[in-house]
Amino acid sequence: MILLLCLSVATTATAQNKIDKQMEQISTVGSATFTSAVERDPVTRQVLKVVKVLKIKGNAADKLYKAFMDERDSGSFTEQKTKQERTLTLTCETEAQVRIYMLRLTGHSYLDAQCTVIIKNKPKR
């Protein structure tokens with residue numbers, strides 16, 4: 001039982017690391033726009049929530065799409081597709097936090113992308 005718990009935590013961490021690393025790599029090259037916001041507890045100053053948004057165009061969108069598809073089994077995954085838009089959502093939850101990854105692809109051949117990551121820390125018990 002403990003082994004299964006450890007493996008599930010490791011799998012979730014891998015998903016987080018793979019998508020986060022891809023976002024970090026893409027945000028440092030080309031014409032990407034990256035923004036980040038942090039919400040803190042006013043009393044304790046502990047981080048409650050972090051929101052990261054990466055906007056890109058071109059082949060980098062395909063790299064993010066592949067990272068999402070590689071990690072779709074590591075959490076709760078949904079995909080919605082229309083002629084104009086494709087939206088992928090991956091939710092990974094641990095005892096300490098909930099991470100929501102969302103990739104919205106639009107434009108010709110889905111080459112315009114916005115990737116949003118929301119990291120919400122759970123209160124410590």
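Predicted model: local features only at pLDDT ≥ 70, side-chain atom pairs only at ≥ 80, totals over all residues.

User: How many bridges join strand S5 to strand S6?

Analyst: In general, strands of a sheet pair through backbone hydrogen bonds, in a parallel or an antiparallel manner. Here, S5 (residues 97-106) and S6 (residues 112-121) run antiparallel and are joined by ten bridges.

User: In what order do the six strands form the sheet?

Analyst: The order is S1-S2-S6-S5-S4-S3, in an open sheet with antiparallel pairing. Strands S1 (33-40) and S3 (76-81) each have a single partner strand and stand at the edges, so one side of each lacks a neighbour in the sheet. From one strand to the next, the twist averages 10°.

User: Which strands does helix H2 touch?

Analyst: Helix H2 (residues 60-70) packs on the sheet and touches S2 (47-57), S3, S4 (85-93), S5 and S6. The direction of H2 makes about 135° with that of S5.

User: What pattern does the chain follow along the sequence?

Analyst: The pattern reads α-β-β-α-β-β-β-β, with two helices and six strands in the chain. Of contacts between residues at least 6 apart in sequence, 47% join residues at least 24 apart.

User: What is the mean pLDDT of the chain?

Analyst: The mean is 86, and 86% of the residues reach 70 or more. Over residues 1-14, however, the pLDDT is below 50, and this stretch has six contacts in the model beyond near neighbours in sequence.

Technical notes: Residues numbered from 1 in each chain as written. Heavy atoms only, no water. pLDDT = per-residue confidence, 0-100. Contact = heavy atoms within 4.5 Å. Pairing = 2+ DSSP bridges. Helix = DSSP H or I, 4+ residues; strand = E, 2+ residues; numbered from the N terminus. Axes fitted to C-alpha atoms, helices over the stretch in contact; angles between N-to-C directions.
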